[in-house]
Amino acid sequence: MNGLMLQKRLLISSLIVHADRHHGDTEIVSRRVEGDIHRYTFRDCHRRSRQMANALTRLGVKASDRIGTLAWNGYRHMELYYGISGMGAVMHTINPRLHVDQIAYIIDHAEDQYLFFDLTFLPLVKAIAGRCKTVKAFIAMTDLAHMPRDTDIVNLLCYEDLLERSSAAYEWPNFDEDTACTLCYTSGTTGNPKGVLYSHRSALLHTYAAALPDALNCSACDVILPVVPMFHVNAWGIPYIACMVGAKLVFPGPGLDGGSLYELIESERVTFSAGVPTVWQGLLTHLEQAGLKFSTMKRTVIGGAACPSTMLRKFQDEYGVEVLHAWGMTELSPLGTVGAMKARHLAMNPEERCAVQSKQGRAVFGVDMKIVGADGKELPWDGLTSGELMVRGPWVVRNYFRNEGGNPLRIDAETHGWFPTGDVATIDADGFMQITDRSKDVIKSGGEWISSIEIENIAVAHPAIASAACIAAKHRKWDERPLLLAVKRPEAQVTAEQLLAFFEGKIAKWWTPDAVVFVDAVPLGATGKVLKNQLRDAFQDYLLRS
Ligand code: AMP
């Protein structure tokens, strides 16, 4: 027997309709590429999204066509989120930090019909325009007054001009909720990036789950600053969450340095923010140097890479900002786990609580996870045994776009239907998952695994160390041993021996790195993760040489 409830499809357009109708005068504030601060409301955003849908229709865009964007976090990008997906086309956000060849590759692979871009990316667009065979026109996200002159890009259009000539009278179409809404490519640290194609249904379910109190805990009383870019897994869903709950949005545009972020946080009374550890490091350094405090900021979600416990403690103990450590992937839309406390953790002292919070957290409802051994058999949740992390759920990838790389799901009997994340993790009895490594980054010393993340966390807790990366270096006796590459803080003094002594008592003796190499910087990829493959190429023979 079927239930007798109304059928309402889960569509992206319903989010902006809701935000307009129930939170119409809530603000969206953006730092623009043009340099000024722009502010308007959800009602304005909805009106301009409808104008954009009409403009795209006039340009001949049809359902399922892919439309690319190379843009910062800002109100025009938000209008594209709703205008493109809302009309049934596919929003393809492109990470401008990828290598230019990879960008040209994914535009071609996605068969983007139009490419919207912020003026910052004009040089990039010039470099790739001739290679983008499927792109009918490039649309500069600005007004006529700021349009680039003297460019040889053929088919250059102006965003504001398009909108001005388009009516706001538009009825969002009603279609199957399994229709694709957004396309994001993985960062492609190994091989070419692969496309993950989200559906309206998967995005809406992810939005409900991500907004929950034990996830990102967002409400109409929040002012949210997504520092995580809208080209990195939909800014972790925040442009959707804000519409669902009616929270004010503050977009930082290209201003991601500590000073610009702090200014926005204070002037717009931001309560909640989200970003990768490297960005927060910049903000914390700015606060320290200028002797500043937050007046309204209450919570921040840190993810994309492991949040060092020193950063966690600094935010909480010195600045009164609660840290939510989260784990996710492009393949998971992205949210998988959040380190929200359970009732019994609340009575813990700050030290013990920090140890729990430093883990990547518990699965949000909708995501199921397990760890498995090499034989595919599930391993115990004892917080000690580590294995490959597998996930499944309605917002987990089933297949990459255009079947690139074949079926990503395991097909053996034990792990059938689970997505292998490539992360290695433990899970404790409370269900808190802790990433110890990427499977390709684990250090296997004498057959036993050593967690590079734990070693890096300890290294950056040393006052003289700004950042660190631990890699597997070849070893004659143990096959591999940990080698620590460390970047000193400006003007700080520390020797390799002093740094190694700092590990004493903090980890098992045999986990202590064999050597330390001080470097000027560690290479970072397009989404703020350390490129360990580059470091391995350069240093994997270091211990054989010494
Ligand atoms: P991406 O698809 O670019 O978001 O990258 C996903 C990968 O980032 C995951 O598979 C993890 O290896 C890593 N990652 C994400 N969040 C965390 C975290 N909180 N701690 C450690 N690694 C993380």
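Visitor: What makes strand β14 and strand β15 a pair, and in which sense do they pair?

Guide: In this predicted model, strand β14, residues 322-328, and strand β15, residues 335-338, are joined by three bridges in the antiparallel sense. Two strands count as paired if there are at least two bridges between them, so with three bridges β14 and β15 qualify as a pair. One place to look is W327, whose bridge partner in β15 is T337.

Visitor: What do β14 and β15 form, and how many residues lie between them?

Guide: They form a hairpin, with six residues between the two strands, and in the turn S333 has a positive phi of about 75°.

Visitor: How do you know that β15 also pairs with strand β16, and how many bridges are there?

Guide: β15 and β16, the latter covering residues 362-363, share two bridges in the antiparallel sense; since the cut-off is at least two bridges, β15 and β16 count as paired. Here T337 has A363 as its bridge partner in β16.

Visitor: Why are β17 and β20 called edge strands?

Guide: There is an open sheet of four strands, in the order β17-β18-β19-β20, with antiparallel pairing. Within this sheet β17 (368-372) and β20 (433-438) each pair on one side only, and they are the edge strands. Neighbouring strands of the sheet are turned by 45° against each other on average, direction ignored.

Visitor: What makes β19 and β20 a pair?

Guide: Five bridges join β19, residues 419-427, to β20, and the two run antiparallel; as at least two bridges are required, β19 and β20 therefore meet the criterion. In β20, Q434 is the bridge partner of T426.

Notes:
Residues numbered from 1 in each chain as written. Predicted model: local features only at pLDDT ≥ 70, side-chain atom pairs only at ≥ 80, totals over all residues. Heavy atoms only, no water. Axes fitted to C-alpha atoms, helices over the stretch in contact; angles between N-to-C directions.
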